Amino acid sequence: MRSSISLLTDFGTKDSFVGQMKGVILNINPEVNIVDLSHDITPFNIGEAALMIEKCHKYFPLGTIHVAVVDPGVGSKRRPIIVMNGDYFFVGPDNGVFSSVMESSEKVEVIHVTNNEFFLRKGSMTFQGRDVFAPVAAWLSKGETAFNFGKKIRDYHVLEMPVPTCDKDTARGEVISVDRFGNAVTNISLDCIERFITGRPINSLTVRIHDESIQVKRFYEEGRGEGLCALINSDAMLELFLYQGNASQTYRIGCGDLVSVMMS
Amino acid sequence: MRSSISLLTDFGTKDSFVGQMKGVILNINPEVNIVDLSHDITPFNIGEAALMIEKCHKYFPLGTIHVAVVDPGVGSKRRPIIVMNGDYFFVGPDNGVFSSVMESSEKVEVIHVTNNEFFLRKGSMTFQGRDVFAPVAAWLSKGETAFNFGKKIRDYHVLEMPVPTCDKDTARGEVISVDRFGNAVTNISLDCIERFITGRPINSLTVRIHDESIQVKRFYEEGRGEGLCALINSDAMLELFLYQGNASQTYRIGCGDLVSVMMS
Amino acid sequence: MRSSISLLTDFGTKDSFVGQMKGVILNINPEVNIVDLSHDITPFNIGEAALMIEKCHKYFPLGTIHVAVVDPGVGSKRRPIIVMNGDYFFVGPDNGVFSSVMESSEKVEVIHVTNNEFFLRKGSMTFQGRDVFAPVAAWLSKGETAFNFGKKIRDYHVLEMPVPTCDKDTARGEVISVDRFGNAVTNISLDCIERFITGRPINSLTVRIHDESIQVKRFYEEGRGEGLCALINSDAMLELFLYQGNASQTYRIGCGDLVSVMMS
């Protein structure tokens, strides 16, 4: 079976960074699938990249190698790492970009990558994406054992993410991302809501944001002609939307805005 | 032979939608070629996506599966479909995005996809691109028969597109898209023009737009230093251009603007 | 081993151009890896594309076919060519886009592509990317001999690029590109600087731009809190940067700005 490497960066698609990484990978393993998760992460925004890894990684074939390069500390003492959770490999800087994987899995193992046999010869101080992460991912995709790249560490870096509070009749959280359509995604999960909705229909909930109360729909088209609405999105998170409009722009909703949800 | 799946969406490349779809496809068929047609369709613009499908699909290997997800009605009653024209498969919502294929082929067959054996388990109400279209396309690419996904329908949805009028000495149509270079593409085809040009050279035509008369060139560089010009573009359609400039911006030309062409 | 074709264009990702080219390639060789270098070259900017080819091509597996289509003269007399440097193939217009390859290699051979057996049937006057370059690249990837596409030429086109002056204690050059992060890349190479730094540390250099003197760091994070700095970037070129900021915007630095570097 062909193995897959996914790439997530803040490099954009205009410069030579992504092309160089793909060249390095194919030079080591021309049989691998290279898949772009995105190269449009906001420059230096580690949290945004961490969310993408959380949302996407588990849809890929077992054994896929997910590479994330959002790396303002490149060249300094921050360590290159491989993370393994039993199902997938993750390759990138130890700056928190794999936080969700580290926190959600019990059997996570983290390797500090030090074995420069696997690095690009004549590498640079400023582009480990090309010089370290790309070749390490390519060698992993050929079956090289992760423990050959370096030693296991336990003091790896985990981001502090905003945590929603879920009590017996209300959940309180915040907007954590806004997508291309202007939909505002919160950190309130369906799991959290299920603690108090207990089988009642989703439209028996009320969502509050900016002192407004809004209704919860099942899908976007149910919000036709109704202004700001909410739904449980495809990642099982509470999301605010405006049908065929841009909720974020129209209602000035952005990351960090407080949101609560309760029984009507 | 490796089979191919092309993807066309309005999802952009910053969010997790496209990455999730590619993961789902590779998880079912890691040997398939996944090709991005575009993810930059204007949000919710079904007509724009229909034009892209029309222009691109026939260049691909026979048997290619073209997936289009521009889908404001996701979750409502609009149906997921597979379209077959004898040469290609098309997978997406029944909202007109495959209109050109439905209208141009005599032996078109349309399947209403209902067999949820092939869907992603634990799917959502809001993202059939990932939960239905991606897995259906992946199973088709592995040789699954289209008739196993659901029953044939005849009342599928076709968009009403603006139709040019072609009489014995004039063709009248309109601008239907503007490309990255500012070139304004019309719905007047070379076929239509050939009814009256009858072998005479292309520069014996005059094009009228906004009360201006412009000349028809054979290729872009022939318009050097000449302001607004026209040519027959690589899709065999009449197109307005400004050599190394942006015709749409400079001459304020947009979709819907009326264009006619006649013998000089 | 699977062969690879890289694509570099100014077509953007919203229109049908790139999708059509990929379809044509896969129709001839469904086993090939197609890799996007970039489709976001500034429209008609041949020099920008030439820099990308220079930076990226050598990271790919030997034998990779690099296709570049930045081609304002399409349809006119400018010739389609194949360039070979012993390690890679390059396919595109003879307008200078492969200048760096032509100048840096001693054993370069250039073929004027004329054999229309290999072209797309029913091609156009305006899109050789799809009608000529894509099929020629696909046939090369299947092992077709370059000399079967046309005759060798020697009067191929090379761009005049700005050349830095390197004397015994100073190098003088200019900014030649600005990347997504606002980093300003110069045409002063590490090779040039090594003529006078002769083993002393990199921070013993001073860079001058806009009458300001700035320091040279080893990697980005060393410039934290220090305003405009310089370093040797991952392509071994002198680059100006602002740590986690945008040097080009903050200090109004653009292409053509003069830069010099000397011992402090």
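Mentor: A residue is called buried when its relative accessible area is under 20%, and exposed when that area is over 50%. The model we are looking at is a predicted one.

Trainee: Does C:Phe11 count as buried or exposed?
Mentor: C:Phe11 sits in the loop between strand 1 (4-9) and helix 1 of chain C. The cut-off for the inside is under 20%. The relative accessibility of C:Phe11 is 8%, so this residue counts as buried.

Trainee: Which residues of chain B does C:Phe11 touch?
Mentor: Leave out residues up to four places away in sequence. Within chain C, the contacts are then C:Phe17, C:Val18, C:Met21, C:His39, C:Val69 and C:Phe127. From chain B, the residues touched are B:Arg180 and B:Phe181.

Trainee: How many Å apart in space are C:Phe11 and C:Ser38?
Mentor: Along the sequence, these two are 27 residues apart. In space the distance is taken from C-alpha to C-alpha, and it is 9.2 Å.

Trainee: Does C:Thr186 count as buried or exposed?
Mentor: C:Thr186 belongs to strand 10 (residues 184-189) of chain C. Leaving aside neighbours within four places in sequence, its contacts are C:Glu174, C:Val175, C:Ile176, C:Met237, C:Leu238 and C:Val259. Its relative accessibility is 0%, so C:Thr186 counts as buried.

Trainee: Which backbone oxygen does the side chain of C:Thr186 reach?
Mentor: A polar atom of this side chain lies 3.1 Å from the backbone nitrogen of C:Ile188. The side chain of C:Thr186 also reaches a backbone oxygen, at 2.7 Å. That oxygen belongs to C:Leu238.

Trainee: What area is buried between chain C and chain B?
Mentor: Start with the residues: 36 of chain C are in contact with 35 of chain B. The size of an interface is often given as the accessible area lost when the parts come together. Carbon and sulfur atoms give 57% of the area here, and the whole is about 2800 Å².

Trainee: Which residues of chain C lose the most area to chain B?
Mentor: Three residues are named, and together they make up 19% of what that side buries. They are C:Lys14, C:Phe44 and C:Thr126.

Trainee: Which residue of chain B meets C:Arg130 in a salt bridge?
Mentor: The count between chain C and chain B is two salt bridges. In one of them, the side chain of C:Arg130 takes part, with 3.7 Å from N to O. Its partner is B:Asp235.

Trainee: Which helix gives the most to the side of chain C that touches chain B?
Mentor: Across this interface, 15 residue pairs are in polar contact. On the side of chain C, one element gives eight residues. It is helix 1 (residues 17-28).

Trainee: How many residues of that side of chain C are charged?
Mentor: The side of chain C that touches chain B has 14 nonpolar and 14 polar residues. The charged ones number eight.

Trainee: Which residues of chain A lose the most area to chain B?
Mentor: Chain A and chain B bury about 2800 Å² between them, with 35 residues of chain A in contact with 36 of chain B. Three residues of chain A together give 26% of what that side buries. They are A:Tyr59, A:Arg180 and A:Phe181.

Trainee: Which residue of chain B forms a salt bridge with A:Asp235?
Mentor: Across the interface of chain A and chain B there are two salt bridges. In the one formed by A:Asp235, the closest N and O atoms are 3.7 Å apart. The partner is B:Arg130.

Trainee: Which strand gives the most to the side of chain A that touches chain B?
Mentor: The interface of chain A and chain B has 16 residue pairs in polar contact. Strand 2 (33-38), helix 2 (46-56) and strand 13 (228-232) of chain A each give two or more residues to that side. With five residues, the one that gives the most is strand 2.

Trainee: Which residue of chain C has the C-alpha nearest the axis?
Mentor: Chain C, too, can be laid on chain B by a turn of 120 degrees. In chain C, the nearest C-alpha is 5.0 Å from the axis, and it belongs to C:Asn33.

Notes:
Residues are numbered from 1 along each chain as its sequence is written. Chains are lettered from A and ligands numbered from 1 in the order in which they are written. This is a predicted model: local features need pLDDT of at least 70, side-chain atom pairs count only at pLDDT 80 or more; totals for chains, interfaces and linings use all residues. Side-chain values use heavy atoms; hydrogens and water are left out. Contact means heavy atoms within 4.5 Å. Buried area is the accessible area (1.4 Å probe) that two parts lose on being put together, summed over both. A salt bridge is a side-chain nitrogen of Lys or Arg within 4 Å of a carboxyl oxygen of Asp or Glu. A polar contact is a pair of N or O atoms within 3.5 Å; within protein, one must be able to donate a hydrogen and the other to accept it, and residues adjacent in sequence count only if both atoms are side-chain atoms. Helices (H or I, at least four residues) and strands (E, at least two) are DSSP runs, numbered from the N terminus. Ala, Val, Leu, Ile, Met, Phe, Trp, Tyr, Cys and Pro count as nonpolar, Asp, Glu, Lys and Arg as charged, and the others, Gly among them, as polar. Buried means under 20% relative accessible area, exposed over 50%, partly exposed in between (1.4 Å probe, protein chains only). Copies are superposed by least squares on the C-alpha atoms of residues with pLDDT of at least 70 in both.
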